[in-house]
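Please look through the structure below with the following paragraphs beside it.

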Amino acid sequence: MVLLHGWPVTETHWQGLLPILRRSGFTSVPVTLPGLGKPAESTPSFRKSDLAHRLGNDLSERGLARFSLVGHDWGGTVAILLTAAMPQAVNAVVIEEEILPGIDIDIPAPGAEHYPSWHGPFNRTPGLAEQLVPGREDAYYGTFLRQSAGPPGLAPDTVRSYIDAYTTADALEAGLGYYRSRADDIADVQRLQQNPIHTPVLAIGGRYAMGSAVADGLRTLSTDVTGLVLERSGHYPAEQEPEPAAEAIIEFLQRHRDQPAP
């Protein structure tokens, strides 16, 4: 099981999930996409289809010929595009809290009142974040993390660890790159809408974030979508409700573990 977290978190996002998955017999392979809390090493394209291609090559080099994907936030967009590119390799996909670029769908209440709407336009505006964020990372990342977590919140130590991981010039540049590839990402998602995937998808939303919009958005991209809303979660169900999230993921992946490649 390959796990891809999003922005602005780190592999800590999975820490509550991993022991439960391990006890159920799954081998988990957490992967950090370039620049998401770790240095990007080189300056890659942040177009999600390019990241999916790069990840597919990396997994093939590791000898992983058949696997499942669990993607959170931007990791979810990469997971769907990788599945479209390598359907023979992917058993099933779990998407946690992601609406892919270009999917026009409203977030329902109460998530609409909690999930931030400011960060996308802010991050995409050329030069703005570069001037305003350095030295104010607590306000920038901290505000997003606390707002997007909704009333259930995240542990203060976890929020601190995420802010610290992203308090570098490289992390800021990479994070903005994920948002500023929007035009290319939308073009790729629109092409996928014309030829949806058939790989089974479990769409998990948090009630205080994207909620049922995760599944509704994915139904334009996949012919087989199961939706789940976790009632005590914001944008981080794997952290905020690890046990019910793990139970749902395990049941879903066990059901599709031996499914023939499409």
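I249 lies in helix α13, where helices (H or I, at least four residues) and strands (E, at least two) are DSSP runs numbered from the N terminus. The model is a predicted one, in which local features need pLDDT of at least 70 and side-chain atom pairs count only at pLDDT 80 or more, while totals for chains, interfaces and linings use all residues. Residues are numbered from 1 along each chain as its sequence is written, and side-chain values use heavy atoms, with hydrogens and water left out.

With a relative accessibility of 3%, I249 counts as buried, a word that here means under 20% relative accessible area, with exposed meaning over 50% and partly exposed the range in between (1.4 Å probe, protein chains only). Setting aside residues up to four places away in sequence, I249 touches L17, L21, V94, L202 and I204, a contact being heavy atoms within 4.5 Å. The C-alpha atoms of I249 and R54, by comparison, are separated by 25 Å, and these two residues stand 195 residues apart along the chain.

The sheet comes next. Six strands form an open sheet in the order β2-β1-β3-β4-β5-β6, and the pairing is parallel; two strands are taken to pair if DSSP finds at least two bridges between them. The edge strands are β2 (29–31) and β6 (225–230), each of which pairs on one side only, and the twist averages 20 degrees from one strand to the next. Helix α13 (residues 242–256) packs on this sheet, where it touches β3, β4, β5 (201–206) and β6, and its direction makes about 160 degrees with that of β4. Such angles run from 0 to 180 degrees between N-to-C directions, the axes being lines fitted to C-alpha atoms, for helices over the stretch in contact.

Within the sheet, strand β3 (residues 67–72) is joined to strand β4 (residues 90–96) by five bridges, and the two run parallel. L69 stands opposite V93 in β4, and the bridge partner of G71 in β4 is I95. G71 of β3 is also the bridge partner of L4, and β1 and β3 pair in the parallel sense over three bridges. How many of the six residues of β3 are buried? Six of its six are, and both faces of the strand are covered, with F67, L69 and G71 on one side and S68, V70 and H72 on the other.

Another part of the picture is made by aromatic rings. The structure holds 14 aromatic pairs, counted where rings of Phe, Tyr and Trp (its six-membered ring) have centres within 6.5 Å, with planes under 30 degrees apart called stacked, over 60 edge-to-face and the rest tilted. The rings of W7 and Y179 have their centres 5.3 Å apart and their planes at 75 degrees, so this pair is edge-to-face. Because W7 lies in the loop between β1 (2–4) and α1 (18–23) and Y179 in helix α9 (residues 169–180), the pair ties together parts that are 172 residues apart in sequence. Both W7 and Y179 are buried.

For W74 and Y178, the ring centres are 6.4 Å apart and the planes stand at 40 degrees, so the pair is tilted. This pair too links distant parts of the chain, with W74 in helix α3 (residues 74–85) and Y178 in helix α9, 104 residues apart, and both W74 and Y178 are buried. K48 lies over the face of W74, at 4.3 Å from the ring centre; a charge is said to sit over a ring if NZ of Lys or CZ of Arg is within 6 Å of the ring centre and within 35 degrees of the ring normal. Ring pairs link a cluster whose members include W7, W74, Y178 and Y179.

The buried residues of α9 include L172, L176, Y178 and Y179.

The backbone has some features to look for as well. Most residues other than glycine have a negative phi, and most peptide bonds are trans. A cis peptide bond, however, joins W7 and P8, with omega about -5 degrees, and another cis bond joins A109 and P110, with omega about 0 degrees. D73, in the loop between β3 and α3, has a positive phi near 55 degrees, and D73 is buried, with a relative accessible area of 4%. E97, found in the loop between β4 and α4, has a positive phi of about 55 degrees although it is not a glycine, and E97 is buried at 0%.
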